[in-house]
Amino acid sequence: MSKPKALIILLIVILIAGLIALAGSQNGQTFNYTPIFILCVSWAFLLNWIAFIPAYLQQTEKFYDLIGSATYITVTFLALYLADNHNNLIYLIAGVVLIWSLRLGSFLYKRIHRSGKDDRFDSIKPDAFRFFNAWSIQALWVVITAAPAFVAISSQNRLDINIYTYIGLAFWIIGFSIEVIADNQKTAFKKVASNEGKFINTGLWSKSRHPNYFGEIVLWIGVSIMAFPILQGWQYIALISPVFVTFLLTKVSGLPMLEAKADKKWGGQSDYEEYKKNTPVLIP
């Protein structure tokens, strides 16, 4: 990738983040006259840009996912600390984001240290501009994905637990459970020596080729539903969260890459072709 193209991508990422920060700050609380949501967005990028420096110098991606989870966690705490007038609904929304972040972050950290590398970064790490963009995109991912939670926490509007809370929490529990179970099933499958070089087609993976991604989409729909009654005006831009997650996982960095990798590894095998033919790619 040329430097001009990398720069254009960076500018687009920053522009999108800036627009979301401005929109999500409407009717939001401030800290020293600065909208809290803007401070949260700024911290998300600053943390990832700082982490890029040692990652590039050491040519490693081993703590990329860890920093991603740390971004969710620290932004959530920052929003809680700077904003005031919290209630049970706000603590619940913050809690589900923190639980998901801690679980997924520890899981991904352990996974990459078992495997030793993430081959998605093989061609990116040597190029400072492309690698820097990867960290910037991660910051944007955090901002957009958790926008409903961050905007709700920093909003001036306060509502207590309501029917949307119960519906959203049900979605979150279902999605979170599916993601955790699917990840654990795949981890256990890979630990069995006789499964070396095989693809998983048992448990939830017999119902969907990517059940963990389905669970992730569902849980963010849940967070959006919980936050919905709090949002006002331009704050509704935060509801792009599950749409964004679905788009990236199904069209950009998730399914396309994994499906291509699987086709390259097992394509032509009768059992794999049968599995692919009879098992939905995402929705069980």
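1. Asn201 sits in the loop that joins α7 (163–191) to α8 (211–227), where helices (H or I, at least four residues) and strands (E, at least two) are DSSP runs numbered from the N terminus. At 36% relative accessibility, Asn201 counts as partly exposed, the classes being buried under 20% relative accessible area, exposed over 50% and partly exposed in between, with a 1.4 Å probe and protein chains only. Not counting residues up to four places away in sequence, Asn201 touches Ser206 and Tyr275, contact meaning heavy atoms within 4.5 Å. The C-alpha atoms of Asn201 and Leu57, which are 144 residues apart along the chain, are separated by 40 Å.

2. On provenance, this is a predicted model, in which local features need pLDDT of at least 70 and side-chain atom pairs count only at pLDDT 80 or more, while totals for chains, interfaces and linings use all residues. Residues are numbered from 1 along each chain as its sequence is written, and side-chain values use heavy atoms, with hydrogens and water left out.

3. The chain has 11 helices and 2 strands, and along the sequence these follow the pattern α-β-β-α-α-α-α-α-α-α-α-α-α. Its radius of gyration is 20 Å, close to the 19 Å that the globule rule gives for 284 residues, so the chain is as compact as a globular protein of that length; the radius is taken over C-alpha atoms, and the rule is 2.2 Å times the number of residues to the power 0.38. Of the contacts in the chain with a separation of 6 or more, 80% are accounted for by residues 24 or more positions apart, and buried residues make up 49% of the 284 residues.

4. Helix α5 (residues 128–145) packs with helix α9 (residues 241–252) at an angle of about 140 degrees, the axes lying 8 Å apart. Axes are lines fitted to C-alpha atoms, for helices over the stretch in contact, and angles run from 0 to 180 degrees between N-to-C directions. That angle makes α5 oblique to α9, since under 35 degrees counts as roughly parallel, over 145 as roughly antiparallel, 65 to 115 as roughly perpendicular and the rest as oblique.

5. In this packing, Trp141, Ile144 and Thr145 of α5 meet Ser241, Phe244, Val245, Leu248 and Leu249 of α9. Thr145 is buried, with a relative accessible area of 0%, and, leaving aside neighbours within four places in sequence, Thr145 is in contact with Tyr72, Trp220, Ser241, Phe244 and Val245.
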